[in-house]
Amino acid sequence: MGIELSYAVSKLQSLSTSDHASVVSMNLFVALLCACIVIGHLLEENRWVNESITALVIGVCTGIVILLVSGGKSSHLLVFSEDLFFIYLLPPIIFNAGFQVKKKRFFENFMTIILFGAVGTLISCGIISLGVIQIFKKMDIGSLDIGDYLAIGAIFAATDSVCTLQVLNQDETPLLYSLVFGEGVVNDATSVVLFNAIQSFDVTKIDPSIALHFTGNLLYLFATSTLLGAMTGLLSAYIIKKLYFGRHSTDREVALMMLMAYLSYMLAELFYLSGILTVFFCGIVMSHYTWHNVTEGSRVTTKHAFATLSFVAETFIFLYVGMDALDIEKWRFVSDSPGTSVAVSSILIVLIMVGRAAFVFPLSFLINLFKKNQSEKLSLRKQVVIWWAGLMRGAVSMALAYNQFTRLGHTQLRANAILITSTITVVLFSTVVFGLMTKPLIRFLARSKQTTSMVMSDPSTPKSVSVPLLGEGLDSELDIPRPGSIRALLATPTHTVHYYWRKFDNAFMRPVFGGRGFVPFVPGSPTERSFVQGEGE
C-alpha cells in the first residue's frame, strides 16, 4: 500500500512538473508574440523588413538562446505539429483573406488564377520532381523511393500565401495581389491534394487510367470544396437574416459567423475535401451576404476580429517556424556532411525558381493571347513580379515535409533528416531573401512604369493619366453596360458574366439571403424608429 501511494505521489509530482514546464513555455511564447507585434510596429515604415521576417528572425534568435541555455539539448518551446498548423492556425488566415478580398477583381482574373494555381502547380511539381530524381540519385543522401521524389515535388511546389499577405498590399497593387494571393490559395489546395494523392496511389505503377482517375479526383475536390464553402456561407446568411439575432445580442451574431466559418473548414476535413478552398470561398460568400445582414456593431466587430485572428495566427506561424529551424535532433544527422545539406538546399532553390518560371511566363503568354484590351494583358514587368513573389516557401511546405519525412516530429534516418533540414533552410532563405527583395522590386518596376507613362503621355490631355503598374481601377460596384450580343460575350466575357450574375443576384439571391442593401430590423435602433414613423404617417 505504501509503495503504491509513493508511486502515485511521484507520478503526480512528475505531472505537475510537466504542467509547470508547459505553462512556462506558453508564457515565453506569448511574450515573444507580443515582442513580434511591438517590433513589427516600430519597423512599419521600413522598406525592406515586414512582420513575417521580423517574427522569423526573432524565432531563430530565441532558438539560439534556448539552445545555449539547455546545453545543446533543445532549441524550441513547442514542437512543430502539422495538426496545430492545419487545424488551428491556417483556417483563420485563409478565411480572412477570402473575407477581405476584393471580389470583383478576384473573379475578373479567376481563369488566370486557376491556370496559375492548378495547372502551374502541376507543372512546377513535375519539374521539381524530375530534377531531384536526376540529381539526388547521383548524390549520397540516403535511400529514397519514387514516392519520396514525387512528394518533394508537391512539397516545394506549395507557395507561401501567408507571406504574400505580408509583402503585398491589396490597395496599392490590386491586380498583383489578386493574382498572386488567389494563385497561392489554389496552389496550396492543389499541393495538399497532390501530396495526399501521391501518398494514397501506388506511384510505382503509373498508367493512363491512374492519371485520368487522379485528374477526375482533383476536379471533384475543387468543385465540391468550393460548393461546400459557398453553401455554408449561404446557410449562415439565411439563419442570421431570418432569426434577427441582433434583436437581443450582437455577440450571438459574431459568434455564429465565427463558428460557421470554422465549421466549413472542419466539414471539408471530415469529408476528405480541401479545407483551404472551402474556408476561402466561405469567406467570400459571408462577406457578400452574411456580413450585410448583421447589425452595424457586429459588422465592425467581425471585420476587426477576423483580421486580428488572422494576424496573430500569421505571427505565430513564422515565430514557430523560426524557433523550430534549429531543432538539434535533425541537424545532428547532417553535422558530418554539411556540404551535402547545403548542396541539397541550393538545388531545391534553383529548381523552385526554374519550376515557377516554367509556368508563369508561358501561361502569361497564352493568357495575353485571349486578352483584347491592352491594359488587361500581363506585361513582362508584371510577369517578373508574379514570378518573384511566388518564390517564397513557408509553413505549408514545412508541414508536408514533416508529414512525409518524420514520425510525430522525429526521424532516425539520415536521408529524411537531410530533407527536413533542407526544407527549413529553403523556407528561411526564401522568406528572408525573396521577401526582403519583393517590396523594393515592386517599387522599382512601378517607378520605371510611371516614368515611362509620364514621358509617353500628353499632360495637356485630361485623359492622359498614368496607370498603376499592377492594377487598373478599384474594386467597385459600378454598373456594367448590358451586353447586346454573343459577340459582346466573346469580346468581354468577364464583364458579360458579371452583368448577368448581378441580375441573378439582385433578383433571386439577395431577397432570400440578404446582402448589400439589407438593413437588419433591431428594436430601439434608428431603423426601427424611422419604420414606426413611416407607419404612423
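**Contacts, cores and salt bridges**

Modeller: Setting aside neighbours within four places in sequence, Phe 280 touches Ile 94, Ala 97, Gly 98, Phe 106, Phe 181 and Val 185. Bear in mind that this is a predicted model.

Colleague: Which core does Phe 280 belong to?

Modeller: The largest nonpolar one, with 124 residues; Phe 280 is among those with the most contacts inside it, along with Phe 136 and Ile 152. Helix H8 (residues 174-200) gives the most to this core, 15 residues. There's also a second, separate core of six residues, including Leu 234 and Phe 513.

Colleague: Why is Arg 299 called buried?

Modeller: Buried means under 20% relative accessible area. Arg 299 has 15%, so Arg 299 counts as buried.

Colleague: What makes Glu 296 and Arg 299 a salt bridge?

Modeller: The cut-off is 4 Å between side-chain nitrogen and carboxyl oxygen. Their N to O distance is 3.6 Å, so the pair is within the limit. Both lie in helix H12 (residues 296-324), three residues apart, about one turn of the helix.

Colleague: What about Glu 183 and Arg 356?

Modeller: The closest N and O atoms are 2.8 Å apart, and that's a salt bridge too. Glu 183 is in helix H8 and Arg 356 in helix H14 (residues 338-369), 173 residues apart. Both are buried.

Technical notes: Residues numbered from 1 in each chain as written. Predicted model: local features only at pLDDT ≥ 70, side-chain atom pairs only at ≥ 80, totals over all residues. Heavy atoms only, no water. Core = buried A, V, L, I, M, F, W, Y, C linked by side-chain atoms within 4.5 Å. Buried < 20%, exposed > 50% of the residue type's maximum accessible area, 1.4 Å probe, protein only. Helix = DSSP H or I, 4+ residues; strand = E, 2+ residues; numbered from the N terminus. Contact = heavy atoms within 4.5 Å.
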